[in-house]
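Please prepare a short report on the model shown below, covering its charged contacts, its strands, one of its helices and its surface.

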Amino acid sequence: MTRDGRPILLRLQAAEKVSVSFRLETKNPGGHSSLPRPDNAIYQLAAGLGRLARLEFPAKLNEITRGYFQRSAPLFDAATAADMRAVARDGGPDPAAASRLSARSAGYNSLMRTTCVATRLEGGHASNALPQSARATVNCRVLPGEPIDGVRDEIVRALADPTITVTRTTEPELSQPSSLRPDLLRAVEATTAALWPGIPVIPTMSTGATDSRFLRNAGIPAYGVSGLFLGPDDARSHGLNERMPVASLWGGQEFLYRLVKTLAGGK
């Protein structure tokens with residue numbers, strides 16, 4: 001991460017959230033648009049989505065995310081640092097501090113809790129006909145260890161409409177966090193110090209999914225680190241405007257070259 005164009009921390013991914021999608025659907029006999037009826041598949045689904053938008057899962061931290069907030073706190077202003085320490089406290093996150101961090105940053109919110117969001121919407125079949133069906137895709141990013149069926153149950157409760165069907169459309173790849181190996185952490189810290197003196201290495205959990213989940217599921221510890229520095233508002237992955245600074249590209253190449261040499265026993 002950079003601040004005002006200068007690197008302030010390097011993240012080491014040791015965990016990731018689990019991606020799973022659900023299809024929400026309403027059905028209706030339909031009819032001609034000149035004869036509106038009280039029940040409408042689009043309105044019904046839209047009302048359910050409005051209720052789903054207010055669903056907030058509880059804040060929960062694991063070893064990786066607790067360490068992230070503890071070690072990141074000194075890098076931020078006093079109010080943010082206090083909230084980070086309050087959510088990382090023993091006994092579970094302070095609810096008020098978690099709410100303030102969630103309001104401050106979508107990234108903090110996603111690090112602390114399972115999230116579900118509508119990503120696609122379709123309905124009807126003609127401009128002059130009442131809709132006979134309406135569908136929405138809801139994508140969830142689930143904290144490691146959380147039961148997927150429990151997430152579906154929360155969606156059903158939030159919709160509060162038994163006629164809206166909820167069907168899982170993807171098979172989740174469950175992934176447990178990788179334990180932080182001291183030898184690996186030392187290698188990353190030494191390489192970081194050589195290129196960017198004074199920059200702390202902070203373990204973190206990816207809010208998205210990576211191919212590390214396949215390795216972890218096979219019992220192989222996996223860690224994600226790149227040496228690519230971006231600003232706090234430059235996370236544009238999968239967007240049409242995805243980009244990175246040129247200097248970050250070259251610096252990341254040098255970082256990975258040196259790190260792989262170190263891990264492989266070279267000089």
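## Salt bridges around R168

E171 and R168 are joined through their side chains by a salt bridge with an N to O distance of 3.3 Å, a salt bridge being a side-chain nitrogen of Lys or Arg within 4 Å of a carboxyl oxygen of Asp or Glu. E171 counts as exposed at 62% relative accessibility, whereas R168 counts as partly exposed at 34%; here buried means under 20% relative accessible area, exposed over 50%, and partly exposed in between, with a 1.4 Å probe and protein chains only. The side chain of R168 also meets that of D149 in a salt bridge, at 4.0 Å from N to O. Because R168 belongs to strand β9 and D149 to helix α6, this pair ties together parts that are 19 residues apart in sequence.

The model is a predicted one, in which local features need pLDDT of at least 70 and side-chain atom pairs count only at pLDDT 80 or more, while totals for chains, interfaces and linings use all residues. Residues are numbered from 1 along each chain as its sequence is written, and side-chain values use heavy atoms, with hydrogens and water left out.

Strand β4 (residues 18–27) is largely enclosed by the rest of the structure, because seven of its ten residues are buried; strands, like helices, are DSSP runs numbered from the N terminus (E, at least two residues, for strands; H or I, at least four, for helices). β4 runs antiparallel to strand β8 (residues 133–142), to which ten bridges join it, and L24 has A136 as its bridge partner in β8. Two strands are taken to pair if DSSP finds at least two bridges between them. β4 also pairs in the antiparallel sense with strand β9 (residues 165–168), over four bridges, and there the partner of R23 is T167.

R23 is partly exposed, with a relative accessible area of 33%, and its salt bridge with E25 has the closest N and O atoms 3.9 Å apart. E25, by contrast, is buried at 14% relative accessible area.

## Helix α6

Helix α6 (residues 148–159) has twelve residues and reaches 17 Å from its first C-alpha to its last, close to the 16 Å expected at 1.5 Å a residue, where the expected span is 1.5 Å times one less than the number of residues. Its buried residues include I148, V151, I155, A158 and L159. Seen down the axis of α6, the buried residues fall within an arc of 100°, so they line one face of the helix; the arc is that of the directions from the helix axis to the C-beta atoms. D149 and R157 are exposed on the other side of α6.

Six of the six residues of strand β10 (residues 201–206) are buried. V201, P203 and M205 point one way from β10, and I202, T204 and S206 point the other way. Strand β3 (residues 10–16) runs parallel to β10 and is joined to it by six bridges, with I202 as the bridge partner of R11.

L228, M244, V246, L249 and W250 form a nonpolar patch on the surface, with about 490 Å² of accessible area together. L228 sits in the loop between α8 (212–217) and α9 (246–263), and it is partly exposed, with a relative accessible area of 35%. Patches are made of residues with over 30% relative accessible area and no salt bridge, like charges being joined within 9 Å and nonpolar side chains (Val, Leu, Ile, Met, Phe, Trp, Tyr) within 5 Å. Accessible areas come from the Shrake-Rupley method with a 1.4 Å probe, and for residues only the protein chains shown count as cover.
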